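The account follows the sequence and the structure shown here.

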Amino acid sequence: MLKKILIANRGEIACRIIRTAKKMGIRTVSICSDPDINSPHVNLADEYVNIGGNTSSESYLRVNKIIDAVKKTNAEAVHPGYGFLSENVKFRDEIQKIGKIFIGPPSEAISSMGDKIESKKIAKSAGVSVVPGGLEVIPNIKEALNQAKIIGYPLMIKASAGGGGKGMRIAFNDEELKTNFGSAVNEAKSSFGDDRVFIEKFVEFPKHIEVQVLGDQFGNFIHLGERECTIQRRHQKVIEEAPSIFVTDDLRKRMVNQSIQLAKAVGYYSAGTVEFVVDKDKNFYFLEMNTRLQVEHPVTELITDVDLVEQMIRVAAGEKLNLSQNDIKFSGSAIECRIYAEDSAKNFLPSIGRLTRYIEPKGKNVRVDSGVVEGSEISMFYDPMISKLCTYAKDRINTISEMLNALDRYFIEGVKTNRDFLSNILQNNNFAKGEYSTAFIAENYKDGYNSYLNEVTDKDNLYAVVSFVNYKYLLRAASISNQLQGFNKTVDNNWCVIDGDTKYFVSISFNNFNKSYDIYVNKKYLNLKSNWNIGYPLFSAIIDNQLLYFSIKRNGPKFTINHKGALHDLTVLSKRHAELNEIMIPRQKEDTSQYLLAPMPGLLVSLLVKENQVVEENQPLAVIEAMKMENIIKSEKKVKIKKINCKEGDSLEVDQVILEFD
């Protein structure tokens, strides 16, 4: 068995690999860039090497720096994780040249499956069902328009060397193809150093289903079932689950058989994933084969109890698979939610900053794969994923329930996240029934998701909770100042909760019989029992015999309470203070409608307008690149450009003025 491995990655996947290596008694080496010097993956490893640089291209994508680190630490093998150099043939070959082991598949498999055009040809010859089109590189927009006539709309533009949703665009007509073709080419070049793209038919109402395969160097193969990854945003997976509610036994059998056929055709070994797009009639087509560990692998591990990283290490060390297909027992249901640092209310734009408060949910049915701690910096240089939150239960209904509670118990402060957005998806009836396609987010959240605009059905619970918390704070204050002595108690039991323009009158009293609180909200009775500690941002309580979770921020009498993906600003006042509050003059908001403000930090890739130009509604104005993704900023109305304040190539800060309008 191997004695020391180097992890050529960062963040949660580096931490996850280190944990398995430690379990196996293998020493680990981390590498890091300058911004990552104090990151958890560095502290968790037995050794580390700072390879310098800030961006990926200056650090985690530098083959020579990583090879030097392998030599310096005398690591026997390298695990690439996912992303970065995980599917880079040159990197794998350089590791082999210095007599070290690459924990992954052979170079030939990486090369043939890494090129989406070549992989499609191989899949077709191996008897795997493929999508129409996509067998040739499209050099320019003229040829793209010609191919569109042959294939027919809608169609998908894809980076040949792509993955993770980078360099992918959908076009439903010629105009969209003209707009999106250039963006796909640019994104492919910046993400992979390869600007080749191809075009294929876009399958309408598609499901994204993938099969996990595992092979050794002796020609043995098994599968570990399928995962559904249909909930996607901009072709980036957001929620994954195993097994799929959509897949029948017959469909599963056909898909896993074709997946193993393909793996055998390319001489594969190690862990790999064959991805398919499946239409509503359960016709399936090959998309690609990922020759690496997938981000969503934990859901497979939860339903099979197989450690995929351990199997990868053993296969790389030359061991035969110690599992047969009959050994694989599928049990229960698992869901993974990707927690991203992004502002859902601003159409999911990236959010950067320091995690000023960070509390992960815990429980026997909860798994969190993260690479951050309180105080960690979410940088503009890398992917915005903070963690992967997984829940597991006996069936899908209970798994969803576990996930909703886990999200309510996940507290992240310092950056915006998609936590509430994920919660809202899980509560959608179509999600519960499995009736959705990869267009689910685009169709249901066209402008993103604003937590403040979502209403919860049990608002009386919110009013009871903020009244209880307010009461506890005032009791403590009165106790400190000795105002609770004798009969002169100064903390009232009656309050007014203000929600927008509506008042709710709440009374609260301690029930000594069952050590709980009797609360009346506009005369509706609720019983609340909680062991919450003052100052803690997460609140749990049994309200009318139901265990519920909330997060709370307090600023004097003002409270922001979060529950089931919905945010509410509430004010708790005495009756007299509520009367006075009505005559207060509200603060005026600053009018910024005459400016185009940078919605996120990033690089201004291009300006698409000139001064004095009149632009139409929804016309592209600028392209900003952040966290490896291009974002097209469009006009909200017909307007004239008065002044341009920035130039292409500028690094932008949040709310920096890019353009001024007349």
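Lys 523 is exposed, because its relative accessible area is 79% and the cut-off for that class is over 50%. The model in which this value was computed is a predicted one. Lys 523 belongs to the loop that runs between strand S25 (516–521) and strand S26 (524–529). Its phi is near 75 degrees, a positive value in a residue other than glycine.

Asn 612 likewise has a positive phi, of about 75 degrees, although it is not a glycine. The loop between strand S32 (602–607) and strand S33 (614–615) holds Asn 612. With a relative accessibility of 55%, Asn 612 counts as exposed.

**Backbone: cis peptide bonds**

Which residues are joined by a cis peptide bond with omega near -5 degrees? They are Tyr 153 and Pro 154. Pro 154 is placed in the loop between helix H7 (141–151) and strand S6 (155–159). Another cis peptide bond links Ala 242 to Pro 243, with omega at about -10 degrees. Pro 243 is part of the loop between strand S11 and helix H9 (249–265).

**Aromatic rings and charges**

A pair of aromatic rings is described by the distance of the centres and the angle of the planes. Across the whole structure, a search finds 22 aromatic pairs. Among them is the edge-to-face pair of Phe 172 and Phe 202, with 6.5 Å centre to centre and 75 degrees between the planes. Phe 172 lies in the loop between strand S7 (169–171) and helix H8 (174–192), while Phe 202 lies in the loop between strand S8 (197–201) and strand S9 (207–215); the pair therefore ties together parts that are 30 residues apart in sequence. Phe 172 is partly exposed, at a relative accessible area of 45%, whereas Phe 202 is buried, at 13%.

Trp 532 and Phe 539 form a tilted pair, with 5.8 Å centre to centre and 55 degrees between the planes. Both Trp 532 and Phe 539 are buried. One aromatic cluster is made up of Phe 348, Phe 421, Phe 431, Tyr 436, Phe 440, Tyr 445 and Tyr 449.

| Charged residue | Ring residue | Distance from the ring centre |
|---|---|---|
| Lys 282 | Phe 246 | 4.0 Å |
| Arg 554 | Tyr 473 | 3.9 Å |

**The largest nonpolar core**

The largest nonpolar core has 34 residues, and of these Ile 231, Ile 239, Ile 386, Leu 389, Ile 425 and Leu 426 touch the most other members. At least two residues of this core come from each of strand S11 (236–242), strand S14 (333–340), strand S19 (366–370), strand S21 (385–393), helix H12 (396–408), helix H13 and helix H15 (440–444). Which element gives the most to this core? Helix H12 does, with five residues.

**The second largest pocket**

The second largest pocket has a volume of about 640 Å³. It is lined by 25 residues, and the closest to its centre are Lys 416, Asp 420, Lys 553, Asn 562 and Leu 567. Strand S15 (342–343), strand S22 (411–413), helix H13 (419–426), strand S28 (546–555) and strand S29 (558–563) each supply at least two residues of the lining. By residue class, the lining of the second largest pocket comprises 10 nonpolar, eight polar and seven charged residues.

**Separation along the chain and in space**

Gln 594 is located in the loop between helix H17 (575–581) and strand S31 (595–597). This residue is partly exposed, with a relative accessible area of 33%. Gln 594 and Leu 659 are 65 residues apart along the chain, and their C-alpha atoms are separated by 8.5 Å.

Val 315 is a residue of helix H11 (residues 308–316). Is Val 315 buried or exposed? Its relative accessibility is 1%, so Val 315 counts as buried. Val 315 and Asn 64 are 251 residues apart in sequence, and C-alpha to C-alpha they are 26 Å apart in space.

Technical notes. Residues numbered from 1 in each chain as written. Predicted model: local features only at pLDDT ≥ 70, side-chain atom pairs only at ≥ 80, totals over all residues. Heavy atoms only, no water. 1 Å grid on protein atoms, 1.4 Å probe; cavity = no way out; pocket = protein on both sides within 12 Å on 5 of 7 lines; lining within 4 Å. Points joined across faces, edges and corners; volume = space filled by probe spheres on them. Helix = DSSP H or I, 4+ residues; strand = E, 2+ residues; numbered from the N terminus. Nonpolar A, V, L, I, M, F, W, Y, C, P; charged D, E, K, R; others polar. Phe/Tyr/Trp six-rings, centres within 6.5 Å; stacked < 30°, edge-to-face > 60°. Buried < 20%, exposed > 50% of the residue type's maximum accessible area, 1.4 Å probe, protein only. Lys NZ or Arg CZ within 6 Å of the ring centre and 35° of its normal. Core = buried A, V, L, I, M, F, W, Y, C linked by side-chain atoms within 4.5 Å.
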